Number of protein chains: 2
Amino acid sequence: MKQAASTPTTDEALQTLRDAGLRLTQPRRQIVAALVAADGPLSPRELHQQLGSAACDPVTVYRCLTDFERLGLVHRHEFGDGSTRYQLVEADGSHLHYVICRHCQRKDPIHACPADLEATVRARGYAGVSHTLEFFGVCPDCQQGPDPEPQ
Amino acid sequence: MKQAASTPTTDEALQTLRDAGLRLTQPRRQIVAALVAADGPLSPRELHQQLGSAACDPVTVYRCLTDFERLGLVHRHEFGDGSTRYQLVEADGSHLHYVICRHCQRKDPIHACPADLEATVRARGYAGVSHTLEFFGVCPDCQQGPDPEPQ
DNA sequence: ATGACTGCAAACTGTTTGCATTAGG
DNA sequence: CCTAATGCAAACAGTTTGCAGTCAT
């Protein structure tokens, strides 16, 4: 038996690409590795910075992330701050959601997922259902201090 | 007693603005009226087009919608198509969520809301909690015909 | 070999910002 | 009046697109 929700290894993720008929190019390998190593959602820009500009072109990061999402390899987050973030889905297909502090922009993972609501959607006849969910609020710290960290 | 979930009237919405200390300017009145009349989420661009370019500057639409969201007057949607959409919240504070067809981009309202999950967030000490939730899938029509409406 | 993929450059779109002017209370 | 709010112009950021060269298979 394996553990409930573990991040896929780089090899497992690469296998997903191979199975989908995608070529295992150098940029893709590096992007996958960075996603596996990441501890939270990354924007295309952040991802590219971590790889170093020598690794590949920023455009390639966009293209790869789009493909990876289509394969269900990564989950897309819309934090409402102008850029999309991506995070590897767990081995069991689960993913996290976050609360974003309206004041300090801090992202706090929440272990709650409306996976059950997807059943409602499937009942409508939709296939390949996924979802994005983000919470927004003012974190405890920012409620306390009159001005802990505006930005 | 009043009905469960009805769209606020223009006057009710304007009162909200007044209560918040915002001035009832001409552009704001028109934007509120357009939101009340709307039957679904509108992007700033769509909203501005409905008003007619004579009504006000597009920038004003952005500023107003941002303010309105802060007041909890409108709900923000992130359909992942590059632009944010706004919709008036119901009189009882409820709102709708949507399924977006990955193929034809159709938006289908879903009467399911993870309002209960917000309790989890509040339990963490967050205040003024709100959320965005969108579902994505392939609608029945697009599953049928091999190519009903690619775009 | 050959088609998928990348890199580069440039276009685009949605959104934000600064500042002078206008108008709401 | 006096300040919030608007309009205008311009900057910005993230993302997309076209095309020629390159690399995985």
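## A walk around His131(A)

Select His131(A): leaving out neighbours within four places in sequence, this residue is in contact (heavy atoms within 4.5 Å) with His75(A), His95(A), His97(A), Cys113(A), Pro114(A), Glu118(A), Leu133(B), Glu134(B), Phe135(B) and Phe136(B). You are looking at a predicted model, where local features need pLDDT of at least 70, side-chain atom pairs count only at pLDDT 80 or more, and totals for chains, interfaces and linings use all residues. Residues are numbered from 1 along each chain as its sequence is written, chains are lettered from A and ligands numbered from 1 in the order in which they are written, and side-chain values use heavy atoms, leaving out hydrogens and water.

His131(A) sits in strand β5 (residues 127–138) of chain A. His131(A) counts as buried at 2% relative accessibility (buried is under 20% relative accessible area, exposed over 50%, partly exposed in between, with a 1.4 Å probe and protein chains only).

Next, pick His95(A), in the loop between β2 (84–88) and β3 (97–101) of chain A. Its side chain makes a polar contact with that of His131(A) at 3.3 Å and another with that of His97(A) at 3.2 Å. His95(A) is buried too, at 18% relative accessible area.

An unreviewed UniProt entry annotates His95(A) and His131(A) as "binding site".

Finally, which residues does Cys113(A) touch? Select Cys113(A), in the loop between β4 (107–110) and α5 (117–123) of chain A, and you will find His95(A), His97(A), His131(A) and Leu117(B), not counting residues up to four places away in sequence. Cys113(A) is partly exposed, at 31% relative accessible area.

Definitions and conventions
Helices (H or I, at least four residues) and strands (E, at least two) are DSSP runs, numbered from the N terminus. UniProt positions are given in the numbering used here, feature names are shortened, and annotations may be inferred rather than shown by experiment. A polar contact is a pair of N or O atoms within 3.5 Å; within protein, one must be able to donate a hydrogen and the other to accept it, and residues adjacent in sequence count only if both atoms are side-chain atoms.
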